[in-house]
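Please open the structure in your viewer and keep the sequence at hand.

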Amino acid sequence: MKRKKKRFVILASVFLVGVVAFVFYYVASIYKGLEGLSKTADHSPFYEVKAIDEKSVEPPKWTGKEPVNILLMGVDARGTNKGEIPRSDSMMVVTLDPVRDRIHVFSILRDTYTEIPEHGKNRINTAITHGPNTAMSAVGNLLGIPIQFYVYTDFQGFIKLVDAVGGVDFYVEKDMNYESIADKHEYDIDLKEGQQHLDGITALQYVRFRHDAMSDYSRTKRQRDFTNAIAQKMKSTTSIMKLPSILEEVSPYIDTNLSVNDMWKLASVGYQSKMEASEQIPPMELVKETRMGRAAVLAVSNPNELKEYVRNIIETDAPGQSEEGKPNVEEAIK
């Protein structure tokens with residue numbers, strides 16, 4: 001009897017040591033992966049403009065107790081030279097409220113004509129070419145909220161992320177077809193309406209498609225919807241267990257000013273928060289299509305009303321474009 005008890009104690013001890021070793025390895029792998037997301041020196045895509053960008057307004061600090069705003073930027077880096085920064089193909093601001101455990105997502109129309117600090121007026125998607133601090137400052141001034149952090153990636157980073165989480169089950173609302181002749185058909189879009197499993201390539205096709213009546217208006221809506229879907233997939237037990245390998249896959253394609261400590265805090269807030277609103281910026285009622293020289297741009301008819309619009313959503317969860325009497329993009333794109 002004593003021998004059996006001793007054997008059980010030995011087996012339990014070995015099992016416990018194994019669990020502790022696994023947890024240590026898992027946490028260490030995650031830490032290493034998170035640390036690799038923030039690039040330094042010449043590994044950063046912004047090393048050519050870093051000296052100038054650092055002279056612009058520093059992003060505000062986040063204590064972890066107030067709402068935090070993160071600028072997500074996706075670029076098309078095809079055909080660019082080393083050190084060259086392409087314009088943003090997509091720009092979104094994710095707002096997390098650690099007090100009320102809620103999330104808001106704002107997607108910014110890339111042709112929005114606004115002030116770029118120290119660089120005059122231009123389309124908002126040009127801001128990143130002057131560096132991330134400039135981009136955060138420009139977007140923050142446009143929305144009337146502080147932008148503390150940024151996350152920057154390109155097409156390949158997006159593809160790697162979707163594939164690393166095992167793809168996403170998603171409903172494609174209509175057939176989507178487009179031939180990219182200039183890219184020798186590498187980025188053709190061919191999706192069918194219906195529920196389907198999107199991998200990295202097909203997911204990129206979905207979020208890039210804008211060849212319909214609503215063009216970029218509908219595309220930003222799709223980007224917000226898919227961002228929510230990928231966030232929900234990341235919360236799954238399977239994705240959490242695969243986090244070290246996910247980080248290893250996407251790390252080469254991402255740059256951010258988030259520290260590892262900030263990432264841990266954000267992960268905790270995001271995991272327990274609920275999506276409350278997903279809106280286009282500027283909203284349809286404040287968009288004014290115009291031209292600057294030969295370029296077609298989107299002007300904001302009333303900048304103060306735009307800031308109030310954003311503040312109402314964040315603070316009171318006021319409805320946005322679906323409010324009665326206002327244009328509803330979600331209905332228009334169906």
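In which sense do β4 and β5 pair, and over how many bridges? Select strand β5 (residues 121-123) together with β4: the two pair in the antiparallel sense over three bridges. Strands here are DSSP runs of E with at least two residues, helices are runs of H or I with at least four residues, and both are numbered from the N terminus; two strands pair if DSSP finds at least two bridges between them.

A note on the model: it is predicted, so that local features need pLDDT of at least 70 and side-chain atom pairs count only at pLDDT 80 or more, whereas totals for chains, interfaces and linings use all residues. Residues are numbered from 1 along each chain as its sequence is written, and side-chain values use heavy atoms, with hydrogens and water left out.

Next, select Y113, which stands opposite R123 in β5. In β14, the bridge partner of Y113 is A299. Strand β4 (residues 112-115) and strand β14 (residues 295-300) run parallel and are joined by two bridges. Then move to E118 in the hairpin of β4 and β5, where five residues lie between the strands; E118 takes a positive phi near 70°.

Now select V310. Leaving aside neighbours within four places in sequence, V310 is in contact (heavy atoms within 4.5 Å) with F106, L143, I145 and I281.

Finally, display the largest nonpolar core, which has 33 residues. Such a core is a set of buried (under 20% relative accessible area, 1.4 Å probe, protein chains only) Ala, Val, Leu, Ile, Met, Phe, Trp, Tyr and Cys residues joined through side-chain atoms within 4.5 Å. Among the residues with the most contacts inside this core are L71, V93 and V310.

Technical notes: Buried < 20%, exposed > 50% of the residue type's maximum accessible area, 1.4 Å probe, protein only.
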